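Visitor: I would like to learn how to read a structure feature by feature. Could you walk me through one, starting with a cut-off?

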There are 2 protein chains.
Amino acid sequence: MLDKNSVVPLYIQLYRILKESIRRGEYKEGDRFPSETALMKQYQTTRGTVRKAISELVMDGLVYQVQGKGTYVHVRPIQYSMWNFSGFTDYLRSRNEVAVSKVLEQEIVILKGLSYFKLVRARGVKRDGSVHYLTIDTSFVPIDRFPQIDQYDFSQESLYRIMREKYRVHPKYAEIQLSPTIVDDDVRQVLQVTDEAVALLKADGRVLNEKNEEIEKVSVIYSPKMEFKLMTTIT
Amino acid sequence: MLDKNSVVPLYIQLYRILKESIRRGEYKEGDRFPSETALMKQYQTTRGTVRKAISELVMDGLVYQVQGKGTYVHVRPIQYSMWNFSGFTDYLRSRNEVAVSKVLEQEIVILKGLSYFKLVRARGVKRDGSVHYLTIDTSFVPIDRFPQIDQYDFSQESLYRIMREKYRVHPKYAEIQLSPTIVDDDVRQVLQVTDEAVALLKADGRVLNEKNEEIEKVSVIYSPKMEFKLMTTIT
DNA sequence: TAGTGGTCTAGACCACGGT
DNA sequence: CCGTGGTCTAGACCACTAG
């Protein structure tokens, strides 16, 4: 049920419940999802709230709606873009994979007169006892906003979880630029790319909080094993 | 003003009006946008409708909202992804550029027993009398859904405009996969890429109508002159 | 304290799809 | 015809920001 006294908005609570039910596999590809009216009654709320929750699922690519027919479940949801910008660890956990992270480099650097904590990590999954790295992430985090952030062990801890829990900073937006890149041997070795004549996908950008303040500069190089899919609406 | 008798929803009408006002440059970077209450009064509608219209602007990256403060305009809006999936021609026109299109190849092909109209185009802009090609698009359009589509001159006509106006088919979603690619000399020549050791960005995917039916298979190769930016919300 | 955006309610009418 | 999602109204209370 929904908790009207919670600080979490009702439509977010409902969204999470519905998302979890899909994740648990309660619906098959193309199955009818409960109608808006049914959800209204079941959760004792109004249609506006139900629609807001469903619209979040639509944006995630988990369901789609057809007027006059109903709401349907996307079996194979689009792996909604931004691999790793909105929760690498969570995404993998939802697929019953174990996320691993290795710190390749960690230091304090000065950029344009400001101090940043530079963190380079290889990130991937552990499957059948062996590790497959999928991305190499380089992050620059401003020290003045995150004092002593270099004390954490980011091979164990999630950067965003530390930001949220220890510094009360919530990543909200990512602005990134995609480009193809030809990488050097070090990178190829980490990502286990054997083919010499291969280009990799790179994303450079910045992460902002809810007030549009920059909280991280990032650069991610993706392994060719990763599929970079996205879905968009044409207006 | 808004036309209550139009088939176009009020919030879409309002969205278009507001978008156009931003495009005309009525607001500078970071300017306060009219408040929801002000828009409500000005356009004689309710807050729900105003919020729906503004939420479209937010998704376009044209404005952002801050609780307690107001709505602000993004001067340099994120060039919202999907270059060419949601209106290459319109995008360029909004920047006072002239779109050009050259047909490189055009034929009927059979894929998995079905007939498709294959169309390969170079697309770009004309500036100061010279043409700069920015993408090479390959489209496969199913003939059974678009009979005689091969009769149109796509160096002059927009594919989506023909689909909409002549066949009443409205592209609604695009599902694409991005990958880096190393291209051959023909492509490099068309896109005027001189550097040999360069990788280009490619997008492969399909375009669907509002009923999630596939209406086009596409593959686009982007010139390095194009910036591929996108913005996403972290949840 | 006044104004802003964020959420929520309780209705209404509509276009559409299937029976 | 009924049930679906799509749109719209007219309120309400809240958290947050700034003067």
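This is a predicted model: local features need pLDDT of at least 70, side-chain atom pairs count only at pLDDT 80 or more; totals for chains, interfaces and linings use all residues.

Visitor: Is Gln44(B) buried or exposed?

Guide: Gln44(B) has 10 other C-beta atoms within 10 Å, so it is exposed. This residue sits in the loop between α2 (36–42) and α3 (47–59) of chain B.

Visitor: What should I look for in its backbone?

Guide: Start with the general idea: most residues other than glycine have a negative phi. Gln44(B), which is not a glycine, has a positive phi of about 50°. Gln192(B) also deserves a look, with a positive phi near 55°.

Visitor: Where is Gln192(B) found, and how many other C-beta atoms lie within 10 Å of it?

Guide: Gln192(B) belongs to the loop between α6 (185–190) and β8 (200–208) of chain B. The count there is 13 other C-beta atoms within 10 Å, so Gln192(B) is partly exposed.

Visitor: Let's turn to helices. How do I read one?

Guide: An α-helix has 3.6 residues a turn, so residues three or four places apart point the same way. In α3(B), the buried residues are Thr49(B), Val50(B), Ala53(B), Ile54(B) and Leu57(B). Seen down the axis of α3(B), they fall within an arc of 130°, so they line one face of the helix.

Visitor: What do the buried residues of α3(B) pack against?

Guide: Their packing partners are α1, α2, β2 (63–66) and β3 of chain B.

Visitor: What span should α3(B) have, at 1.5 Å a residue?

Guide: Its 13 residues should span 18 Å, and the end C-alpha atoms are 18 Å apart, which agrees. After α3(B) comes Gly61(B), with a positive phi near 80°.

Visitor: And which residues of α3(A) are buried?

Guide: In α3(A) they are Thr49(A), Val50(A), Ala53(A), Ile54(A) and Leu57(A). Down the axis of α3(A), these buried residues keep within an arc of 130°, so they line one face of that helix. Elements covering them include α1, α2, β2 (63–66) and β3 of chain A. Just after α3(A), Gly61(A) has a positive phi of about 75°.

Visitor: Now the DNA. Which residues are the closest to DNA strand D?

Guide: When reading such a surface, ask which residues and elements supply it. DNA strand D is surrounded by 21 residues, the closest being Ser35(A), Pro9(B), Leu10(B), Gly48(B) and Gly68(B). Two or more residues each come from α2 (36–42) and β3 (70–73) of chain A, and from α1 (10–23) and α3 of chain B. By type, the surface near DNA strand D has four nonpolar, 13 polar and four charged residues.

Visitor: Which elements supply at least two residues near DNA strand C?

Guide: They are α1 (10–23) and α3 (47–59) of chain A, with α2 and β3 (70–73) of chain B. Among the 21 residues surrounding DNA strand C, the closest are Pro9(A), Leu10(A), Gly48(A), Gly68(A) and Ser35(B).

Visitor: Finally, how do I read a whole chain?

Guide: Look at its elements, then its domains. Chain A has six helices and 10 strands, and buried residues make up 26% of its 235 residues. The domain assignment gives domain 1 (10–73) and domain 2 (88–222), and the centres of these two domains of chain A, taken over C-alpha atoms, are separated by 32 Å.

Terms used
Residues are numbered from 1 along each chain as its sequence is written. Chains are lettered from A and ligands numbered from 1 in the order in which they are written. Helices (H or I, at least four residues) and strands (E, at least two) are DSSP runs, numbered from the N terminus. A residue is buried if 20 or more other C-beta atoms lie within 10 Å of its own, exposed if 12 or fewer, and partly exposed in between; C-beta atoms are placed from the backbone. A residue is near a molecule or strand if its C-beta atom, placed from the backbone, lies within 6 Å of it. Ala, Val, Leu, Ile, Met, Phe, Trp, Tyr, Cys and Pro count as nonpolar, Asp, Glu, Lys and Arg as charged, and the others, Gly among them, as polar. Domain bounds come from an automatic or database domain assignment. The expected span of a helix is 1.5 Å times one less than its number of residues. The arc is that of the directions from the helix axis to the C-beta atoms. Two residues are in contact if their C-beta atoms, placed from the backbone, lie within 7 Å.
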